[in-house]
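Dear colleague,

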Amino acid sequence: VVSKYDDKEHVGDSGWETTLTLSKEGLIEKVEDFLIDPDKPHNPEVSIEGDFAITSYDPYGKYALATNLTYTNIYGNTQTLSGYQLRAALGLRSQAIQVIATGNTVTLRTQGWGHGVGLSQWGAVGYAKYDNWDYKRILSHYYSITDSSAHRLVAPVWD
């Protein structure tokens, strides 16, 4: 869910955007290191055809879902690296990734701290502070919870 308050203007400039630049070989090396399972005798073969790119984004066009980087899994099958795996392999704070790839250089720019799934803490604070939303409205915005759904929102009980 897109949050109008999950942005540089409301969160502040402190690390909202980060940039990582590395060589194509450095990217492949980091991904290979991430994919190696020390408990299994498997060395994944990682490759990129052409310039590195994000090939799929979420419906809002913000969070990376898939890349054009491929690898062989422990069963010998070829798979593409997901946005989640890229984030984990490179230690990125966010899955909101933009790529600039030219020749042997790959620059990744990330925004925010999220993975694009569930509630945004900055968004929730913004909706409460600026729009006077209560917790029911905030949770209903981020999750598919309605009066007719099987899930119900209840007030917290404090002991």
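**Helix H3 and its surroundings**

Helix H3 is followed by Gly91, a residue whose phi is positive, near 70°; helices here (H or I, at least four residues) and strands (E, at least two) are DSSP runs, numbered from the N terminus. Please bear in mind that this is a predicted model, in which local features need pLDDT of at least 70 and side-chain atom pairs count only at pLDDT 80 or more, while totals for chains, interfaces and linings use all residues. Residues are numbered from 1 along each chain as its sequence is written, and side-chain values use heavy atoms, with hydrogens and water left out.

Helix H3 covers residues 83-90, and because 6 of its 8 residues are buried, it is largely enclosed by the rest of the structure. Buried means under 20% relative accessible area, exposed over 50%, and partly exposed in between, with a 1.4 Å probe and protein chains only. The buried residues of H3 are Gly83, Gln85, Leu86, Arg87, Ala89 and Leu90.

The axis of helix H2 (residues 24-35) comes within 9 Å of that of H3, and the two cross at roughly 95°, which makes H2 roughly perpendicular to H3. On the H2 side the contact is made by Leu27, Lys30, Val31, Phe34 and Leu35, and on the H3 side by Gln85, Leu86, Ala88, Ala89 and Leu90; these residues divide into 8 nonpolar, 1 polar and 1 charged. As for the terms, axes are lines fitted to C-alpha atoms, for helices over the stretch in contact, with angles running from 0 to 180 degrees between N-to-C directions. Angles under 35 degrees count as roughly parallel, over 145 as roughly antiparallel, 65 to 115 as roughly perpendicular, and the rest as oblique. Contact means heavy atoms within 4.5 Å; Ala, Val, Leu, Ile, Met, Phe, Trp, Tyr, Cys and Pro count as nonpolar, Asp, Glu, Lys and Arg as charged, and the others, Gly among them, as polar.

Thr67, in strand S4, is buried with a relative accessible area of 2%. Its side chain reaches the backbone nitrogen of Leu69 at 3.2 Å, and a polar atom of that side chain lies 2.8 Å from the backbone oxygen of Leu81. Leaving aside neighbours within four places in sequence, Thr67 is in contact with residues including Phe52, Ile54, Thr80, Leu81 and Leu86.

Leu81 itself belongs to strand S5 (residues 78-82) and counts as buried at 0% relative accessibility.

**The protein as a whole**

There are 5 helices and 7 strands in the protein, and of its 159 residues 35% count as buried. Among contacts between residues at least 6 apart in sequence, 48% join residues at least 24 apart. The mean pLDDT (the predictor's confidence in each residue, from 0 to 100) is 84, with 82% of residues reaching 70 or more.

With best regards

Conventions
A polar contact is a pair of N or O atoms within 3.5 Å; within protein, one must be able to donate a hydrogen and the other to accept it, and residues adjacent in sequence count only if both atoms are side-chain atoms.
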